[in-house]
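Subject: Structure handover and notes

Hi there,

Here is the structure I promised to pass on, and my notes on it follow below. I hope they give you a handy starting point.

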Amino acid sequence: MSPLSTVILGTGSYAPGRILSNAELSQTVDTSDEWIRTRSGIRERRIAAPGEATSDMGVHAARRALADAGLQPADIDLLIVATITPDMPMPATACIIQQKLGVPTNAACFDLNAACTGFLYALDTACAMLGSGRYRHALVIGVEKLSTIVDWKDRTTCVLFGDGAGAVVVGKSPVPGLGLIGTKLGALGDSVDLLCIPGGGSNAPATAASIAAGSHFLKMKGKEVFKLAVRVMDEAARDILEQHHLRADQISLVIPHQANLRIIEAISAYLELPLERFFVNVDRYGNTSAASIPLALDEARRTGRIKSGDLTLLVAFGAGLTYGSALIRW
Ligand code: COA
């Protein structure tokens, strides 16, 4: 095991140019700007262009993260893509991004599916692999084209999601106590049916009937997910703070999964940490699943919300029902 710290060397993000506002959405589905804003805090979301694949968005975010780190694609020997909307079921979108970006062929490349917690699972996996001493620089990308799995006729889900990408470059530093200082991951497998895409997999391969029934679209029991989300995010945050003998008020900035402003407000109340210490951009992007945290992290860094020495808490939940938290010292 390497005694070096595992640090984030650079961040980058990308959002497609097309903005879909609540007002525009309410022209095609029975909803309103007022309902969406008050129930979720979302004002608009981004939608990928026709022909713009998940891998294309991932490449944009990755290039920005590499530039921020001062590294080249040739420096990457581990590439992990967290996504539930791969370009195709196989091969991994990581291999497609490897080719588009020019990452060397001796790099390990794979996808990881932990839904909205995917980025935290991928970050922890990258850190563990870097800790083995067998890899030098990891590129971790969270990217989603959720507009392709959302049923645009289902007002209970389609108003909540959007497309986007975020990426980080992870490497080693000789400075002790810096970077990823802890993670906590978990899953509640008994809650699979709360949030899932029931059709199209090996259990229920796509047929004309399954497509007509819309079983290849995302299904969600929103109220149940809401309650569990608040519980597991609060627990994941508390557990990691306790594990590292920290109080919530020692956290400079919390970067929560951006699913719903009301969920973030509830976590803020439970942790007794003012909302100003939470980074929020759900209003502009909606829920971008695995892209949500790296997109927010990049915006937080670029807007000066994270400074040297700061302690940041990342916390997420997602289908599975997966959950996780991570502490980063900058
Ligand atoms: N526009 C207008 N009305 C809508 C609507 C929409 N987009 N979606 C649902 N409604 C209606 C419902 O049909 C319901 O009407 P009814 O009372 O006549 O049956 C009413 O609004 C209330 O719906 P409800 O589901 O109780 O609303 P809610 O307060 O629970 O909010 C969510 C719904 C989805 C915003 C909320 O449950 C939520 O955010 N859940 C968590 C989702 C999440 O984070 N998922 C991602 C996991 S990573």
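Which residues in H8 are buried? They are Val225, Leu228, Ala229, Val230, Val232, Met233, Asp234, Ala236, Ala237, Ile240 and Leu241. Here, buried means under 20% relative accessible area, exposed means over 50%, and partly exposed is in between (1.4 Å probe, protein chains only). Helices (H or I, at least four residues) and strands (E, at least two) are DSSP runs, numbered from the N terminus.

Before you go further, please keep in mind that this is a predicted model, in which local features need pLDDT of at least 70 and side-chain atom pairs count only at pLDDT 80 or more, while totals for chains, interfaces and linings use all residues. Residues are numbered from 1 along each chain as its sequence is written, and side-chain values use heavy atoms, with hydrogens and water left out.

**Domains**

The domain assignment of the protein chain gives domain 1 (5-176) and domain 2 (180-329); such bounds come from an automatic or database domain assignment. Their C-alpha centres lie 14 Å apart. Across the two, 52 residues of domain 1 are in contact with 44 residues of domain 2, where contact means heavy atoms within 4.5 Å.

Two strands count as paired if DSSP finds at least two bridges between them. Axes are lines fitted to C-alpha atoms, for helices over the stretch in contact, and angles run from 0 to 180 degrees between N-to-C directions.

Strand E7 (residues 163-173) has ten of its eleven residues buried, so it is largely enclosed by the rest of the structure. E7 pairs in the antiparallel sense with strand E1 (residues 5-14) over nine bridges, and with strand E6 (residues 138-145), also antiparallel, over eight bridges.

Leaving aside neighbours within four places in sequence, the contacts of Met57 include Tyr14, Pro16, Val143, Lys145, Asp163 and Ala165.

Another open sheet, of four strands, has the order E8-E13-E12-E11 and mixed pairing. Strand E8 (179-187) and strand E11 (253-256) stand at the edges, each with a single partner strand, so one side of each is left without a neighbour in the sheet. Ignoring direction, neighbouring strands here are turned by 15 degrees against each other on average. E8 and E13 run antiparallel and are joined by eight bridges, and Gly179 stands opposite Arg329 in E13.

Back to H8 (residues 222-243): this helix of 22 residues reaches 31 Å from its first C-alpha to its last, close to the 32 Å expected at 1.5 Å a residue. That expected span is 1.5 Å times one less than the number of residues. H8 lies across E8, E11, E12 and E13, at about 145 degrees to E12. Just after H8, His245 takes a positive phi of about 50 degrees.

**The nonpolar cores**

Which residues touch the most other members of the largest nonpolar core? Of its 47 residues, they are Phe317 and Leu327. A nonpolar core is a set of buried Ala, Val, Leu, Ile, Met, Phe, Trp, Tyr and Cys residues joined through side-chain atoms within 4.5 Å. H8 gives the most to this core, with ten residues. Domain 1 and domain 2 both give residues to this core, so it lies between them. Leaving out residues up to four places away in sequence, Leu327 touches, among others, Leu180, Ile240, Leu241, Ile251 and Leu313. A second, separate core of 34 residues includes Phe119, Leu120, Ile306 and Ala316.
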